[in-house]
Amino acid sequence: MHIGLVGLGRMGANMRERLQRHDIEVTGYDRNREVTDVDSLAELVSALPNGRRAVWVMVPAGEVTRSIVSELAKLLTTGDIIIEGGNSHYEEDRRHATELKKLGIDYVDCGVSGGIWGLENGYGLMVGGDTEVVNHLIPVFDALRPEGPREEGFVHAGPVGAGHFAKMVHNGIEYGLMQAYAEGYELLEAEALIKDVPGTLKAWSRGTVVRSWLLDLLVKALAEDPALAQIDDWVEDSGEGRWTVDAAIDAAVPLPVISAALFARFSSRQTGSPAMKAVAALRQQFGGHAVRPAGPSGA
């Protein structure tokens, strides 16, 4: 199978390599001349073999994604497929699908989790789209997902929009989990009885009910910077947490933990907070997200 891939940044480049390792041919396009395979979207589409062409879009959500989808709509033809693998809002997926359907182009939305570790570990995939189209793309999804049973790393969650809705909720849960670990870290730091905070967290990584990959990443971050002195406590929110809370309000579903975690990120932009340093460190560990360096005082 041969697909196009638009966006060869942190995740896109790793996805290209993982696909190629699993015998999926990939033609990639990126504005960065050092990593791109072709010089334009038109060249990318032309490089794909005749038949049912598929192009995976892996660029930041919002205007960038909208412009790429719009340009691809002019280059692709009936029966071709666009897979949107960023973090777009699920309602935007529905709009894209409606417009593309008029041109005979199929659309699939895919929430992708795994961050910078996905190349080796595989990516968790949450897909929305018509069953026939999703089934056609199964070789691509199987190449990207983790080894093992398909259902433990891949779900066809429903029609268009379902994939990104599932990923939105996934990221909302991620907010709450990171906040809980971070608050526990801050309380351990505040208690004079605890002489080895990193060691205490590391001791939880096997056998306890709170063990997880996020905990492992927090332990790793503390091993690299025991006082988290090299980063500021300012934490970005990339949108999915807000969308999760918005959806909960619309559905009258109480989300006190996820909501509180979102608001805690807002508070990180106002005052110093060891917990927010831990959240910033976790985001850097699992996703390679940018952090702000600590000020001269290390606070």
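Glu92 is buried, with a relative accessible area of 10%, where buried means under 20%, exposed over 50% and partly exposed in between (1.4 Å probe, protein chains only). The structure is a predicted model, in which local features need pLDDT of at least 70 and side-chain atom pairs count only at pLDDT 80 or more, while totals for chains, interfaces and linings use all residues. Residues are numbered from 1 along each chain as its sequence is written, and side-chain values use heavy atoms, with hydrogens and water left out.

The side chain of Glu92 meets that of Arg66 in a salt bridge at 2.8 Å, N to O, the term standing for a side-chain nitrogen of Lys or Arg within 4 Å of a carboxyl oxygen of Asp or Glu. Arg66 lies in helix H3 (residues 63-75) and Glu92 in helix H4, so the pair ties together parts that are 26 residues apart in sequence; helices (H or I, at least four residues) and strands (E, at least two) are DSSP runs, numbered from the N terminus. Salt bridges that share partners join Glu63, Arg66, Glu92 and Arg95 into one network.

Arg21 forms a salt bridge with Glu120 at 3.3 Å, N to O, and because Arg21 lies in helix H1 and Glu120 in helix H5 (residues 118-121), the pair ties together parts 99 residues apart in sequence.
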